Amino acid sequence: MAELTLHAVRGMNDILPPESASWQRLESLFRDILRVYGVGEVRTPILEQSILFARAIGDITDIVQKEMYTFQDRNGVSLTLRPEGTAGVARAMIEHGLLRGQSPRVYYLGPMFRHERPQKGRYRQFHQLGVEFFGNGGAATDAELIALSAHLLAAAGVPAQLQLNSLGTPAARASYREQLLAYLRPQRDSLCADCQSRMERNPLRVLDCKMAGCQAIAQDAPKLLDHLDPESAEHFALVQRLLDDLGIPYQINPRLVRGLDYYHRTVFEWVAEGLGSQATVLAGGRYDGLVEQLGGGFVPAVGFALGMERLLTLTPVQPSPRPELFLGALDEPALGAVLQTCQNLRRQGVSVVMAGPGSVKQLLKAAQRSAARLQALLGERELHDANVLLKEQAGNGQWQGSWTLLEQGLRSLGVDFERGHPHTTAPSDAVGKLS
Ligand code: HAM
């Protein structure tokens with residue numbers, strides 16, 4: 001019988017060391033930046049009622065029609081793995097009464113799920129860092145949020161270009177939709193199959209189709225920007241002026257329409273070079289109608305989400321940090337002392353790996369594989385004879401002395417105890433003390 005080979009689900013990736021260290025580095029960099037903007041973290045469930053996404057993202061969007069992982073649970077309730085974070089966050093804000101007289105600013109970081117055709121930069125499970133500002137409809141909030149997005153990308157060291165558009169109000173969009181349809185209908189046969197099938201349902205999507213034939217048609221289509229209601233036009237002009245004041249360059253892209261229905265007025269995307277067809281690293285916009293649509297009263301809001309996988313392919317891989325010390329136990333009686341010493345040093349912030357019991361040859365091989373800066377081997381004899389040899393693996397530095405004085409030896413070879421973790425105290429002060 002052929003053996004079953006287990007593998008990860010198509011389009012879903014394992015994130016392993018050393019790559020995971022790059023994720024952690026970026027995540028902690030982003031958390032530090034979000035703190036200075038007064039943005040707090042929310043963690044919502046990965047599963048939501050399916051109805052939430054149909055209502056928030058829109059029935060006729062590709063995401064809801066073709067890409068959601070939806071299933072019935074054991075009680076027959078239709079649930080969906082979140083394809084994005086905004087809907088769940090808005091639901092949580094309403095449910096917990098956080099929008100009453102308050103203007104919360106929140107972020108989330110976690111996996112999203114879309115059943116798209118996997119390719120480089122497009123996965124079925126991917127991770128977003130999302131930021132949502134609730135309760136403020138002014139253009140200054142759009143500009144502040146865009147400035148935050150620029151800050152995050154600059155801190156990650158990823159150059160990208162900001163594209164900007166305004167979709168106006170739903171009413172302005174509805175009247176523009178008719179004009180666009182009147183322009184597209186006679187050219188229907190020249191559109192790609194996807195656009196032909198979605199043209200009547202969602203003609204705006206034709207505008208940002210990547211197929212050359214559709215792009216040529218979109219080029220001469222009437223522009224939504226020419227049909228904005230006066231308030232939206234004013235709002236958009238102010239967003240641009242404030243970005244100019246902030247020195248953030250942008251390009252107006254009248255064909256930027258976004259794939260989710262909840263947007264009003266400002267929409268934006270940051271497009272990076274070197275990502276092929278999946279070049280948008282961060283995207284978002286204003287969604288003043290969403291909270292009301294979900295039953296929360298009128299609360300304007302604006303937000304964005306950054307694609308972590310796409311960003312990470314553009315940031316240099318960090319070398320994984322090397323341990324400071326390798327400790328090898330040469331026999332069983334030494335195991336306890338080696339383990340205790342490891343724990344004692346780790347509580348002081350020194351990174352230590354251990355192996356054993358094993359022969360000198362085996363342990364030296366393991367020490368080399370660990371890439372630790374320093375190594376020491378310890379058996380029952382060394383425990384008693386005070387002749388532990390601590391050595392640099394790549395250099396000539398060494399120290400010899402009593403096991404109980406190992407900490408002194410480590411200091412003499414440059415181990416930094418100052419980075420210790422003062423909050424991780426020993427379970428008992430006596431345990432594992434070296435000196
Ligand atoms: P979105 O444009 O669907 O917007 O996704 C935002 C970003 O997530 C994309 O620009 C991309 O970097 C990343 N992304 C999306 N789909 C995939 C995928 N299949 N594989 C890899 N990366 C992907 C939203 O999700 C909105 N919720 C953003 C928002 C927040 N608007 C307002 N607030």
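Domain bounds here come from an automatic or database domain assignment. The model is predicted. The assignment gives domain 1, covering 19-168 + 228-313, and domain 2, covering 325-434. Taken over C-alpha atoms, the centres of domain 1 and domain 2 are separated by 48 Å.

**Ligand site**

The ligand is surrounded by 26 residues, and the closest are Glu84, Arg114, Glu116, Glu132 and Tyr263. By residue type, the shell around the ligand divides into eleven nonpolar, eight polar and seven charged residues. Polar contacts to the ligand include those in the table.

| Residue | Protein atom | Ligand atom | Distance |
|---|---|---|---|
| Glu116 | N or O atom in the side chain | nitrogen | 2.7 Å |
| Thr86 | polar side-chain atom | nitrogen | 2.9 Å |
| Gly307 | polar backbone atom | oxygen | 3.4 Å |

Taken alone, the ligand exposes 660 Å², and the protein buries 96% of that area. The elements that give two or more residues to the shell are β6 (125-134), β10 (280-286) and β11 (301-307). Of the shell residues, β10 supplies six, which is the largest share.

Which residue places a polar backbone atom 3.4 Å from an oxygen atom of the ligand? That residue is Gly307.

**Strand β14**

Strand β14 spans residues 374-378 and is mostly covered, with five of its five residues buried. In a regular strand, side chains alternate between the two faces of the sheet. In β14, Leu374, Ala376 and Leu378 point one way, while Gln375 and Leu377 point the other way. Residues on both sides are buried; the cut-off for this term is under 20% relative accessible area.

Two pairings of β14 can be described. Strand β12 (residues 325-329) runs parallel to β14 and is joined to it by five bridges. Within this pairing, Gly328 has Leu377 of β14 as its bridge partner. Strand β15 (residues 388-392) pairs with β14 in the antiparallel sense, over three bridges. There, Leu374 stands opposite Glu392 of β15.

How many bridges join β12 to β14? The number is five. Leu377, the partner of Gly328, points the other way from Leu374, Ala376 and Leu378.

Conventions: Residues are numbered from 1 along each chain as its sequence is written. This is a predicted model: local features need pLDDT of at least 70, side-chain atom pairs count only at pLDDT 80 or more; totals for chains, interfaces and linings use all residues. Side-chain values use heavy atoms; hydrogens and water are left out. Buried means under 20% relative accessible area, exposed over 50%, partly exposed in between (1.4 Å probe, protein chains only). Helices (H or I, at least four residues) and strands (E, at least two) are DSSP runs, numbered from the N terminus. Two strands pair if DSSP finds at least two bridges between them. A residue is near a molecule or strand if one of its heavy atoms lies within 4 Å of it. A polar contact is a pair of N or O atoms within 3.5 Å; within protein, one must be able to donate a hydrogen and the other to accept it, and residues adjacent in sequence count only if both atoms are side-chain atoms. Accessible areas come from the Shrake-Rupley method with a 1.4 Å probe; for residues, only the protein chains shown count as cover. Ala, Val, Leu, Ile, Met, Phe, Trp, Tyr, Cys and Pro count as nonpolar, Asp, Glu, Lys and Arg as charged, and the others, Gly among them, as polar.
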